[in-house]
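Take a look at the model below. Then read on, one feature at a time.

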Amino acid sequence: MAINSTVSSDGAELTISVEGRFDFSAHQDFRRSYESLDTPPRIYRVDMRETTYLDSSALGMLLLLRDHAGGDTSAVKIVNCNPDVKKILTISNFEQLFTVQ
Amino acid sequence: MNDQQHIDPATLDMLEEVLEDGFIGLLETFIDDSRVKIVSLKSGLADANADVVRRSAHSLKGSSSNLGANPMAELCQRVEQQAREENLEGLDDIVEQIEAEYQHVETIMKEKMEKS
Amino acid sequence: MADCPALKILIADDTQADRMILESIVKQEGHTVVIADDGLDAVQKFSQEQPDIVLLDALMPNLDGFGAARQIRALAGENLVPIIFLTSLTDTESLVQCLDAGGDDFLQKPYNRVILQAKIKAFNRMREMHATMLVQRDQIVKHNNQLIQEQTIAKQVFDKVAHSGCLDASNVKHYVSPRAVFNGDVLVAALRPSGNMMVLLGDFTGHGLPAAIGGMPLASTFYGMVHKGFALTDILGEINAKLKTILPTGVFCCATFLEFNFRERTMTAWNGGLPDSFIYRQKSKTVEAITSRHLPLGVVPNSQLKVDCQHFELAVGDRCYLWSDGIHEARNKSGDMFGEKGLRAVFHQQPPPEQIFDEIMHAVTNFIGDGEVDDDLSLVEISMAAPDQVESQTMPRFPSPTPGLMEWSLDFEVKPSTFRYFDPLPLLLSVITEVPGLRSHSGSLYTILAELYSNALEHGVLNLDSALKQSSEGFAEYYNLRAQRLRNARRGYIRFHLSHDSREEGGRLLIRVVDSGDGFNHQLWIEDQRQGRGYSGRGIPLIRNMCESLHYRGKGNEVEVVYRWANELLKAG
């Protein structure tokens, strides 16, 4: 598990990449990746290209991020999901809350 | 051989510093103990009892090295080693050397005791 | 020295001069010394004086240092007492022998004061760390025992709340494995007054106590509302609202909620976030999935919660299977997951239907093998059964009647803004069951009210044709139309008139339901019934069985039934 985050040069977009298993052990790092920013970005991208597995506490962490980003008015995109990760997001119907690409 | 070759003076100085008033007692104890051990070393050799020889030599080796009597400790080491291999051949010679070496040590210690 | 407290140190050496030197060095550091002049003496002094550190000569008469070290180790038990061998032995073999006998270190002759003092300090630190560790270990054990004891008590309370339902019914099989005392999976089942069975399987985020806590409000809401006859969608809304309020963001409950109508042999399903549940059709031996279409409970406020359900027709012997993702994510030793593939494989082998449940359990257990179980495992099977097989065993028991309503009447009108969102039946039922003795009739009464109300609403106000329900496609369409027309309803009413009078041996309840619809040709319908041509809609034959009389009036938009009841307590007396 490793969490990396990068902010676009204009500061408008934060990309959080999750490597390996996305579960409770990522809790601290995941939160820090968006809470430590001085200026809040407009768009949040969670990049799952290197994510192998997602559990329900990871879904919970995504909800926390959504709340942080403004709840119903937030712009949180979940991108590059592999089929397993995508399936879990689909079962939970998280497409209703996030833009899943 | 001069005194320094029989006993390392630095060791004795250290002991005097650590034991303070007990230093004379230590030297007396060493002398009494060594006399007993040398007797038992000789009788063990006469009885060809390797175990007694080994134990006596081992004990003498330890205490003489602790008091800085290094040549004596080395001789005891040779006896102990051979006795452990149950080979008592030629040990009479070495035990004689130990006794002679001990006489030097005892003389030096007694001088030291009189001085203090 | 300040960084090493005064210790009690045992010195065992048969050479007096050596002992004296050691004793002096150790005492100079402020420690207390206990002297022994051979191995046996050392063991005896050790048990008498319980020193903190032991300095042992290797070669001693009576018992040598190796033997003494072994006995001292045994006496010390789990306390760490460092043993330092004093030796002029120099060969590797002897040094190894010292360690094998339980020694922690050596000190070679001639003694070096600085080295000895450093060793005593180092071993004291080790001794203190070990002592701290023992204290902490004992605390952990104590706390853990206390926690388990507390959890066991809490679990008894939890079980009373969560498992007071009808999980023991003959048509239900279930397995819920906790990884800890508490479980993040919650399974509740209960019968509505109508005899319908409601089952909810939930999987809270996380495991153990934090996950189980959410199960309490879920279960108490579920049971409270099911017994009162609330509809599935109302119960869902209530649970969702409660969980959304009390759970922190990021903690939620994936759930599947099923309602079985054993009389009509239908099943209504809502799945939010759990893996596909299965319906096993006995006749065709095929599997149909109940797919998650909704967000889990406790994620969004009720204004965003979608409660549309899927409707299924079942035959007696058809079985529904619910599971949490613990089964799907069960891993074998090489880390592969059981998955939906594993589940489908069990069904594919077509075991006898009554063995499917056990076969699934076997398959999962065999799959895991020596692997680790890393999630809560839950499996439930509910069979479609004949109503009399289910209702009789597990009807909720009501307290004995106390004086209450005796003679009364009530008029109650429901308008679109109400029946679009609100189910009036629990309210009416709770009034009726205030009558002493009628409480034990609540099942029949609920059925009567529910049938009359849904006829009035669906055929009267919403003008739906029950003939639609006779084919599978029509069945689904019927419910789509119903939802659509209900949403759009702006006019219309349903009026209830209830009146009751008590007699010594029981009572008589009159229920009249009038709707704003066009009615129907009830004379023709009754004639058809008499000729045996009648279609089975409207549940009317059932009501006729339960009531003393049933009459349609006017143009068919008005129906009146009389329910006569006998006081069971009086009968028994």
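In this predicted model, 19 residues of chain B are in contact with 16 residues of chain C. Three helices of chain B each supply at least two residues of the side that touches chain C: α2 (9-19), α3 (23-46) and α4 (50-66). The largest share comes from α4(B), with eight residues. By class, this side of chain B has nine polar, seven nonpolar and three charged residues.

Stay with chain B for a moment. B:A48 is found in the loop between α3 and α4. Its phi is near 55°, a positive value in a residue other than glycine. B:A48 has 10 C-beta neighbours inside 10 Å, so it counts as exposed.

Now turn to chain C. Here two helices pair up: α7 (residues 215-227) and α8 (residues 232-246). Their axes come within 10 Å and cross at roughly 155°. Angles over 145 degrees count as roughly antiparallel, and therefore α7(C) and α8(C) are roughly antiparallel to each other. Their crossing is right-handed. On α7(C), the contact residues include C:L218, C:F222 and C:M225; on α8(C), they include C:I235, C:I239 and C:L243. By class, this contact has nine nonpolar, one polar and three charged residues.

Two loops of chain C also deserve a look. One lies between β5 (105-108) and α5 (113-162), and C:P110 has its place there. The peptide bond from C:K109 to C:P110 is cis, with omega near 0°. The other loop runs between α10 (339-348) and α11 (356-368) and holds C:Q350. Phi of C:Q350 is near 50°, again a positive value in a residue other than glycine. With 9 other C-beta atoms within 10 Å, C:Q350 is exposed.

Definitions and conventions:
Residues are numbered from 1 along each chain as its sequence is written. Chains are lettered from A and ligands numbered from 1 in the order in which they are written. This is a predicted model: local features need pLDDT of at least 70, side-chain atom pairs count only at pLDDT 80 or more; totals for chains, interfaces and linings use all residues. Axes are lines fitted to C-alpha atoms, for helices over the stretch in contact, and angles run from 0 to 180 degrees between N-to-C directions. Helices (H or I, at least four residues) and strands (E, at least two) are DSSP runs, numbered from the N terminus. Angles under 35 degrees count as roughly parallel, over 145 as roughly antiparallel, 65 to 115 as roughly perpendicular and the rest as oblique. A crossing is left-handed if the near helix is turned anticlockwise from the far one by less than a right angle, and right-handed if clockwise. Two residues are in contact if their C-beta atoms, placed from the backbone, lie within 7 Å. Ala, Val, Leu, Ile, Met, Phe, Trp, Tyr, Cys and Pro count as nonpolar, Asp, Glu, Lys and Arg as charged, and the others, Gly among them, as polar. A residue is buried if 20 or more other C-beta atoms lie within 10 Å of its own, exposed if 12 or fewer, and partly exposed in between; C-beta atoms are placed from the backbone.
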